[in-house]
Amino acid sequence: MRKKQFKAESKKLLDMMINSIYTNKEIFIRELISNASDAIDKLYFKSLTDTSVGMNKDDFEIFISADKDARTLTISDNGIGMTAEELESNLGTIAKSGSLNFKQENEDAQESDIEVIGQFGVGFYSSFMVAKKVEVVSKAYGEDTAHKWVSEGADGYTIEECEKDAAGTVITLYMKDDTENEDYSHFLEQYTIDELIKKYSDYIRYPIKMEETHSVPDPDKEGEYKEETAVEVLNSMVPLWRKNKNEITSEEYSEYYKNKFFDYHDPLHVIHFKSEGTATFDSLIYIPSATPMDYYSKDYEKGLALYTNGVMIMEKCGDLVPDYFSFVKGIVDSADLSLNISRETLQQDHQVKIIARAIDKKIKSELKKLLSKDREKYEKFFDVFGVQLKWGVYADYGAEKDGLKDLLLFKTVNTGKYQTLKEYIDSMPQGQEKIYYACGESPEKIALLPQTEAVKQKGFDVLCFTDDVDEFAVSVLMEYEGKHFANICKDDLGIASDEEKKALDEKNESAKDMLSEMKNILGEDVTAVKLSDSLGAHAVCLSSEGYVSLDMAKVLSRMPGGSNAVKAQLVLEINSSHPITEKLFGLFAEDREKFSKYAHILYNEARLVSGLDIENPTEFADMVSELL
Ligand code: ADP
């Protein structure tokens, strides 16, 4: 019989398994059981709509047997089975999901990365961590012939026809020989198998059976024991989400999460709840501690796995979570849904909508709890996913803003720490009427803005907006507890005293001719040129008028089609007490040509200070050199 070769990428993973220095070899059993359970799911699902299958839920089982003499461990299921082609394509190539994701992430896996392997669904190949030879006998449901797939690892596999009565799969592992460092024999011990099934596969919904021998008191001989052999069910079969919270350890929650959702980090937070009332369902929701690896790719799908009465009907039901919670992972199990529900009808389904609303509410209230009870954890969460909540505030013209605004955090200039809007307002000194914010790359850069200085001098704090979405989010929020937001680089801050205002107005009035000439020279680039009293030591800066701020305009211009985006209406501000102002007056009176050059140079300088590009850098450089 001709040996076939594994596909290149499969071979790579296989090599990693065979030569694995991975210490947690025991997870192979979890992987094989999970495959068996999936295969039974498929046939069970079929049996619900196709009576010719002739099986009831109680007929399905997974059977384990160990033969210490032959050093074999066998795992059988009566699930859907595989045809010869399926054996070939499923076991000769890495299947989708876990294994493949892992492979892509770890293209250049170092030895230390190998520790990570076992935490993913590594699949069928993990059996080669403990077995020197693996035999798979399978008969697909509805087929007449069965096939046997055999492989001793790297040098390929064979497939031949064989005998098997019922549909299903029997996997036999020929265990490796024990070495000084590795004890493979213990995987053949009854108590080890018991323990591993409890640890990894307890929630599997079909019975995992094994013939077990125990010592029991001998009824015939007083004080003596005898060996008794019986088939026992090793797992409790209750899905994790149906168990009582107090029966589940955080380790179990984590194990389940990592295995089911292919993450090698522990989840940041687990929300396990039961809902009764308008919608009855059990739900287990996880907040990851890092962004899911494909989160920013277009293939990422939000959603929760949807079950009805313990049977999975959809792996990712997007309608169950709003976009701003697209990062959560989890499961919803409701008795109120029909098994035959399709993706299309789901969207219309009233019950699904009710469930989605309840889940949204629950996640929000959990986050609020976290915010008040475990600030450190909440800030960790916010560092990773806060930006999603801000987009949530902005989306749909602020339709969801009220439910999200109390979950927002911003760093502030004075504290350097995160504050909620409520905390900011509560610590506002007497006389502060607005919520001040400034946009910038980082809190450090914002602290250096000329405008920040002026606000700080009044004893007020400034929220740092460092994400693109921030200013858009507050533009739909408009106010918080009656306090309006003010961009310190744009809006009237309302902090100058009446005398200060009057003095500045007078200065502007007397410089009117010079300023309007400057505006003429700069043309469409600016809407006005003004003298300012709040620029600290800086000569010039740009501010804006109207709805679109400078920073919003920057964000918009970065978006697709951005060159046509709305532009900010720029105002060139000149520091009235800076020597440059005197200089300008002088030139305006004596040398109009030079005055015009100064206008251009100052405008471009202001663009640089505000983090904008200069439209014609060469011309700018030439003008500066000429004047030097
Ligand atoms: P994964 O489970 O991540 O898809 P595996 O390598 O574990 O990857 O399995 C590959 C494929 O082989 C499975 O998707 C399934 O189609 C098939 N398979 C594995 N074990 C069984 C089984 N016991 N019964 C039927 N099909 C199976």
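Predicted model: local features only at pLDDT ≥ 70, side-chain atom pairs only at ≥ 80, totals over all residues.
Trainee: How are the rings of Phe 6 and Trp 149 arranged?

Mentor: Their centres sit 6.3 Å from each other, and the planes make an angle of 65°. Planes over 60 degrees apart get their own name. So this aromatic pair is edge-to-face.

Trainee: And how many residues apart are Phe 6 and Trp 149?

Mentor: Phe 6 lies in the segment before helix 1, while Trp 149 belongs to strand 4. The pair links distant parts of the chain, and the separation is 143 residues.

Trainee: Let's go to helix 17. Why do its buried residues line one face?

Mentor: The buried ones are Met 514, Leu 515, Met 518 and Leu 522. Looking down the axis of helix 17, you'd find them within a limited arc, so they line one face. In general, an α-helix has 3.6 residues a turn, so residues three or four places apart point the same way. For helix 17, that arc is 95°.

Trainee: Which exposed residues are on the face turned away from that buried side?

Mentor: Exposed means over 50% relative accessible area. On the face of helix 17 turned away from its buried side, the exposed residues are Asp 513 and Asn 520.

Trainee: How do helix 17 and helix 19 lie relative to each other?

Mentor: Their axes come within 10 Å and cross at roughly 80°. Angles of 65 to 115 degrees share one label, and the two helices are therefore roughly perpendicular.

Methods: Residues numbered from 1 in each chain as written. Heavy atoms only, no water. Axes fitted to C-alpha atoms, helices over the stretch in contact; angles between N-to-C directions. Helix = DSSP H or I, 4+ residues; strand = E, 2+ residues; numbered from the N terminus. Parallel < 35°, antiparallel > 145°, perpendicular 65-115°, else oblique. Buried < 20%, exposed > 50% of the residue type's maximum accessible area, 1.4 Å probe, protein only. Arc of directions from axis to C-beta. Phe/Tyr/Trp six-rings, centres within 6.5 Å; stacked < 30°, edge-to-face > 60°.
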